[in-house]
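User: Could you take me through this structure, please? I would like to begin with the metal site.

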Amino acid sequence: MTLTHAREVLKKVFGYDAFRPLQAEIIQTVYDRRDALVLMPTGGGKSICFQVPALTLEGTAVVVSPLIALMKDQVESLRANGASAAFINSMLDASAARNVEDDLLAGRIKLLYVSPEKLVSQSFQPLLRRLKISLFAIDEAHCISAWGHDFRPEYTQLKFLKEQFPDVPVIALTATADKLTRKDIADQLQLHDPAIYIASFDRPNISLTVRPGQKKFEQIVEFLKKHPGQSGIIYCLARKTCSDLSDKLNARGFKTGFYHAELSPRERNQVQEDFINDRVPVICATIAFGMGIDKSNVRFIIHYNLPRNLEGYYQEVGRGGRDGLPAEALLFFSYQDVMAYRQMVEEGEASAEQKELKIAKLDRMYQFAEAPVCRRKTVLHYFGEAFDHNCNNCDVCKNPPRQFDGTTAAQKALSALLRMQEKVGMNMLVDVLRGSRRREISELGYDQIKTYGAGREYGFDEWQFLISQMLHLGLIEIAYDEKNCLKVTEAGRAVLYNNQKTNLALPPKPEEKAAEKAAAARTPGRTQGLRDELFDRLVALRRKIGQQQGVPPYIVFSDATLEEMAQKRPISDADLLFVSGVGERKLQLYGDAFIEEIRRFVREKSGEGQSVQGSTYLLTWDMYKAGRPINEIARAREISTTTVVSHLAVMYERGELVDFSAWASPETLDFIQGALHQFEEPYQLKEIYEHFEQRFSYEAIRFAIADAKRKKWKQQQG
Ligand code: ADP
Ligand code: ZN
């Protein structure tokens with residue numbers, strides 16, 4: 001098997017033109033029958049790495065996956081593309097399982113998804129031994145490691161695969177594995193000298209933004225207004241926050257649901273289904289939500305609370321934008337969250353060592369939220385990946401904070417702290433600096449201190465921003481054991497008493513934010529106007545088809561595919577095949593419906609007098625199909641008959657039926673086509689015309705070329 005075959009299948013079955021980074025290398029490794037260990041971020045395209053070999057190699061590929069819901073989804077996706085796939089797990093009843101077994105033994109199944117429990121069970125062994133197995137793919141391979149948080153004991157029994165099938169290549173895939181886990185995977189599965197592939201964990205299509213956690217609700221309302229109808233998840237720490245937030249948002253006219261562990265399995269399933277099927281676009285959920293979901297068109301992830309560590313943050317963020325289109329990650333940051341979680345850890349059951357680790361990870365998390373450094377750089381460095389440029393797709397890159405000599409500002413804050421005996425937290429400190437008239441302040445006598453109101457030049461948010469940096473720079477620290485009061489450190493004293501210079505940054509100016517808002521208001525990846533309208537219509541059509549067929553809409557076509565359709569406006573089969581994500585099967589199943597919708601759109605728009613791309617062919621075509629003669633079409637459309645014929649040739653090339661016997665006989669076509677190889681594409685009609693010494697008309701040449709091209713793409717389609 002060669003990569004050429006692999007590319008053919010990629011195009012024919014999945015409708016994709018090229019492999020993503022590492023996919024081709026990984027597939028080649030499987031063809032070489034060597035074991036492989038693949039680390040790719042969520043949405044990186046792991047599935048293709050085993051699905052393409054499975055579809056090209058002889059026999060059945062056995063895919064182990066721990067998430068039953070995901071299994072069903074993947075099988076549905078494959079089937080929608082015309083690939084023969086099935087799953088066996090506890091969800092299947094006995095007769096359905098027997099059908100799958102029959103299909104397997106008859107060699108009708110290229111990809112079999114099994115749960116690890118099933119695969120290792122004794123009852124499954126006889127069947128397994130009777131199959132011709134092309135490869136084993138172990139998805140979510142990190143579940144094998146007792147070090148990880150998703151440990152699945154059955155995974156450790158998978159070593160029997162290499163023992164019993166030493167010649168079948170094993171490909172282990174995961175999105176989360178540090179060095180230790182990686183070694184664990186290779187050891188436990190007893191991989192033979194596996195080829196290791198580590199893809200970049202960068203997800204450049206996801207923009208990363210951190211905002212101060214004040215007035216979160218209003219901020220979310222604003223955000224949702226700018227993303228009407230789009231799918232997104234709002235992660236909250238507490239169960240109650242999920243339901244409260246969802247209720248409040250619904251009261252404001254948004255359509256949201258909530259999800260947490262206290263719901264019954266049936267309710268949870270319902271929420272998940274509603275989300276997957278685009279019935280409820282936004283879900284307020286605890287982090288359990290999204291684990292078993294492969295929905296590719298999640299357009300935003302909001303963290304209502306600070307995640308506990310960067311691993312969690314990035315994993316959750318990774319659930320957005322799997323289709324490669326722009327997605328947004330918005331994190332609300334507040335000290336209250338840091339302190340609340342810290343307290344939880346400290347009062348928890350864990351060993352001192354584990355507590356320390358958790359707190360160290362939390363520290364890294366909030367440093368990420370605070371540091372005025374490119375967010376992507378920070379996360380990727382955390383995961384040990386070199387990333388040395390600015391990403392230009394995070395809030396810091398897009399809107400760099402304003403650096404200034406912050407010595408005086410820092411001194412004001414430090415002095416105020418000391419004058420209040422270091423007995424206050426962040427909010428009180430800011431209020432005193434800003435000269436707030438809060439009762440508590442006068443009761444405590446803080447309005448009498450010298451620095452009361454000395455910091456009015458900065459707003460509340462700006463002071464918070466500055467004090468965060470002071471924490472960061474180690475000028476102050478939080479006394480977690482003293483009700484989270486702020487304390488001045490040695491370094492802080494040096495600034496206050498020795499005039500040690502310190503640089504600080506202020507948050508971006510409000511005007512700049514306005515520009516950012518305007519940019520954000522534009523739906524990601526789309527230009528406004530006509531295309532948006534068409535996109536929305538295609539989305540509606542996709543939902544309708546999904547409903548009719550009982551599959552989630554994104555299985556019909558991904559957002560990315562619809563985007564491209566809305567942009568390119570394919571009005572024929574041939575055009576549609578050029579759209580990424582349209583393979584043969586989907587062309588057959590859905591091609592007509594989508595083409596019809598696009599044609600309807602183009603007609604309507606040109607009927608309204610707008611000039612729309614693609615409309616001229618279509619107008620000619622509609623009249624031709626209505627049986628009107630060429631010269632009449634030319635007159636009605638105020639174009640020449642030559643132009644009318646050229647339009648018809650284009651439609652013919654794209655797969656429509658045109659009777660062109662009046663211009664060219666089959667012999668003429670053959671004759672002209674026999675000489676085409678002497679010319680270069682794009683063909684110059686005049687050149688060909690002269691080559692044949694004017695023996696054939698321009699119309700005949702046009703149709704000969706159209707016919708050659710039509711044959712070519714039809715042939716490529718098999
Ligand atoms: P993972 O399992 O790594 O999270 P998937 O395999 O689900 O990721 O792939 C994520 C998305 O990218 C899917 O919609 C998939 O169809 C798409 N994809 C994968 N490979 C390609 C490719 N070569 N070209 C275009 N899209 C691709
Ligand atoms: Zn950046």
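Zinc site

Analyst: Cys374 lies in the loop between helix H15 (352–370) and helix H16 (375–382) and Cys397 in helix H17 (residues 395–398), so the pair ties together parts that are 23 residues apart in sequence. Helices (H or I, at least four residues) and strands (E, at least two) are DSSP runs, numbered from the N terminus. This is a predicted model, in which local features need pLDDT of at least 70, side-chain atom pairs count only at pLDDT 80 or more, and totals for chains, interfaces and linings use all residues. Residues are numbered from 1 along each chain as its sequence is written, chains are lettered from A and ligands numbered from 1 in the order in which they are written, and side-chain values use heavy atoms, without hydrogens and water.

User: Which protein donors does the zinc ion (ligand 2) have?

Analyst: They are Cys374 (SG), Cys391 (SG), Cys394 (SG) and Cys397 (SG), lying 2.3 Å from the zinc ion (ligand 2).

User: Are Cys374 and Cys397 buried or exposed?

Analyst: Both Cys374 and Cys397 are buried, meaning under 20% relative accessible area, with exposed over 50% and partly exposed in between (1.4 Å probe, protein chains only).

User: What share of the chain's residues is buried?

Analyst: Of its 718 residues, 55% count as buried.

User: How many helices and strands does the chain have?

Analyst: The chain has 34 helices and 17 strands.

Terms used: Donors are N, O and S atoms within 2.8 Å of the metal (3.2 Å for Na, K and Ca); water is not among the atoms, so sites may look incomplete.
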